[in-house]
Structure formats: structure tokens, C-alpha cells
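Have the structure open and follow along.

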Amino acid sequence: MAKFIQHQLFYPHPPEIVWEYLTDPELMALWLMKSEFRPVVGHEFQFRTKPIADLDFDGVFYCEVLEVVPFKRLSYSWRFGPGDARPLNNSIVNWTLTEKDNGTELLLVHNGFEKEVYMLPIFGSMEEGWLKNMHKIQQLLNTTTNGTAPA
């Protein structure tokens, strides 16, 4: 079984536009979750969603920006868990944008999972969720490109 999550999609939009969806908190809220994200190395922030007791998840992702290379690379830590005294699971989300064929190839690699998280149901949920969210970015970009602002 995979010990990391990897998805790659092509967007017929320049990296600068795709980058905005990865770094602007208002746009991030449309496809991922609300946060106080800022593309500044060392900035700590949280994503919050509904807790899922069956997955031993308290609904909070604790993150810190690790790397920012505008329009090319973004990386942040991604810690999660049950929210009690037990240790959190640590991992890293890496985004790579590559200009290609008059658009952008976006690569997500989410790795560094500890404690065999890849064996837990939450891993499968995140793997499916990341792909679904990347498709949401595509839908939002297409809607915006067609002259309609995202809702």
C-alpha cells in the first residue's frame, strides 16, 4: 500500500492564476477549507472541518509553511489526530507548479506520514479528498475564465 498521496492535474491556465488558488485564503476556502493561511515561511495556521470520530480525527489540521517559491513550489506541514493527549500524525503537503503547454501542471505530493497512517481509513479519505479538491480548483478556474466569479 502507498505511503504517500500523489496526484497530478493539468490546468489550461498560467501558474500565476493557479498559484492564487493555493495561496489566497479566500480562494482556498472555496476548494479546501477556511484558514488564516499566508504564504510566508514559518507561518502557522489551521484548517478546520467537522470532526470524524470513526476516523479518530478531531477536525483540525495544524500546519506550518515550510517553503514558498512563488508560482513554482509551496510546502507546509500537515499534522492531525484525535485531539486528546495522544501524539498527532505528522506529514507534509508539497505543491509543484510547472508551466507546460500554455497551462500549468500541478503536482501534489503528500508524504512523511508517521505511525503507518497509510493503513488507517483517514489516509484513504485524504487521498480521495485531495483529488476531489484539485478538481474543484479546476471547476473554479473554468467558471472564472468563463466570466463568472466563483460563488
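Phe-45 has a relative accessible area of 4%, so it counts as buried, the cut-off being under 20%. This is a predicted model, by the way. Tyr-76 is buried too, because its relative accessibility comes out at 0%.

**Rings around Tyr-76**

- Searching the whole structure turns up 15 aromatic pairs.
- One of them is Phe-37 with Tyr-76, an edge-to-face pair at 6.0 Å centre to centre and 65° between the planes.
- Phe-37 sits in the loop between helix H2 (25–31) and strand E2 (44–48), while Tyr-76 belongs to strand E4 (residues 73–77), so this pair ties together parts 39 residues apart in sequence.
- Phe-37 and Tyr-76 are both buried.
- Phe-45 also pairs edge-to-face with Tyr-76, with 5.6 Å centre to centre and 75° between the planes.
- Zoom out and ring pairs join up a cluster whose members include Phe-37, Phe-45, Tyr-76, Trp-78 and Trp-130.

- Which side chains of E1 (residues 5–11) point to the buried face? They are Ile-5, His-7, Leu-9 and Tyr-11.
- E1 runs antiparallel to strand E6 (residues 103–111), and 7 bridges join them.
- Across in E6, Glu-105 is the bridge partner of Phe-10.

Definitions and conventions:
Residues are numbered from 1 along each chain as its sequence is written. This is a predicted model: local features need pLDDT of at least 70, side-chain atom pairs count only at pLDDT 80 or more; totals for chains, interfaces and linings use all residues. Side-chain values use heavy atoms; hydrogens and water are left out. Buried means under 20% relative accessible area, exposed over 50%, partly exposed in between (1.4 Å probe, protein chains only). Helices (H or I, at least four residues) and strands (E, at least two) are DSSP runs, numbered from the N terminus. Two strands pair if DSSP finds at least two bridges between them. Rings of Phe, Tyr and Trp (its six-membered ring) pair if their centres lie within 6.5 Å; planes under 30 degrees apart count as stacked, over 60 as edge-to-face and the rest as tilted.
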